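I opened this notebook to record a few look-ups, going from a single side chain to a loop and then to a pocket.

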Amino acid sequence: MRLLHTMLRVGNLERSIEFYTQLLGMTLLRTSENQEYQYTLAFLGYGEEHSHTVLELTYNWDQDSYDMGTAYGHIAIGAEDIYALCERLEQQGADVYRKPGPVKGGSTVIAFVRDPDGYAVELIQD
């Protein structure tokens, strides 16, 4: 068994695809539309679905925002230089709300950024 994907509901599919591809370097792998049930799916990742866990963005055509639940935490992405990445993200208008630095009580370097829908993305220094 392996983890296949994580799904996030988004209010603006194009804006979210741009964030994950242009700012975080993912590749748009595929999209699909369901006319009958009025939703579009986009699958993004750092590798092909057959060998990597990917992110599924679900856009329901009649909804442009969602309430954040209290159970959701974050997704985590490893990066080689999160200091440079966070600087670039901020220059492009992203909300880096936890600046890069060691995790409290440890030595792992982390940062947090919000995607356009407010979802938390943890960046971890590889």
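I began with Thr40, which counts as buried because its relative accessibility is 8%, under the 20% cut-off for that class. The model is a predicted one, and I keep that in mind for each entry below.

I then placed Thr40 in strand β3 and looked up what its side chain meets, finding a polar contact with the side chain of Trp61 at 2.8 Å. When I left aside the neighbours within four places in sequence, the residues in contact with Thr40 were Leu13, Ser32, Glu33, Leu57, Thr58, Tyr59 and Trp61.

Next I turned to Gln38, which sits in the loop between β2 (27-34) and β3 (39-45). I noted that Gln38 has a positive phi of about 55 degrees although it is not a glycine. Most residues other than glycine have a negative phi, so I marked the entry for a second look.

I read its lining as Thr6, Met26, Leu44, Gly45, Tyr46, Thr53, Val54, Leu55, Ile75, Ala76 and Ile77. The elements that give two or more residues to this lining are β3, β4 (54-60) and β5 (75-79), and the largest share, 3 residues, comes from β5. By residue class, I recorded 8 nonpolar and 3 polar residues in the lining of the largest pocket, and no charged ones.

Terms used: Residues are numbered from 1 along each chain as its sequence is written. This is a predicted model: local features need pLDDT of at least 70, side-chain atom pairs count only at pLDDT 80 or more; totals for chains, interfaces and linings use all residues. Side-chain values use heavy atoms; hydrogens and water are left out. Helices (H or I, at least four residues) and strands (E, at least two) are DSSP runs, numbered from the N terminus. On a 1 Å grid over the protein atoms alone, a cavity is a set of points where a 1.4 Å probe fits but cannot get out, and a pocket is an open set with protein on both sides within 12 Å along at least five of seven lines; lining residues have an atom within 4 Å of a point. Ala, Val, Leu, Ile, Met, Phe, Trp, Tyr, Cys and Pro count as nonpolar, Asp, Glu, Lys and Arg as charged, and the others, Gly among them, as polar. Buried means under 20% relative accessible area, exposed over 50%, partly exposed in between (1.4 Å probe, protein chains only). A polar contact is a pair of N or O atoms within 3.5 Å; within protein, one must be able to donate a hydrogen and the other to accept it, and residues adjacent in sequence count only if both atoms are side-chain atoms. Contact means heavy atoms within 4.5 Å.
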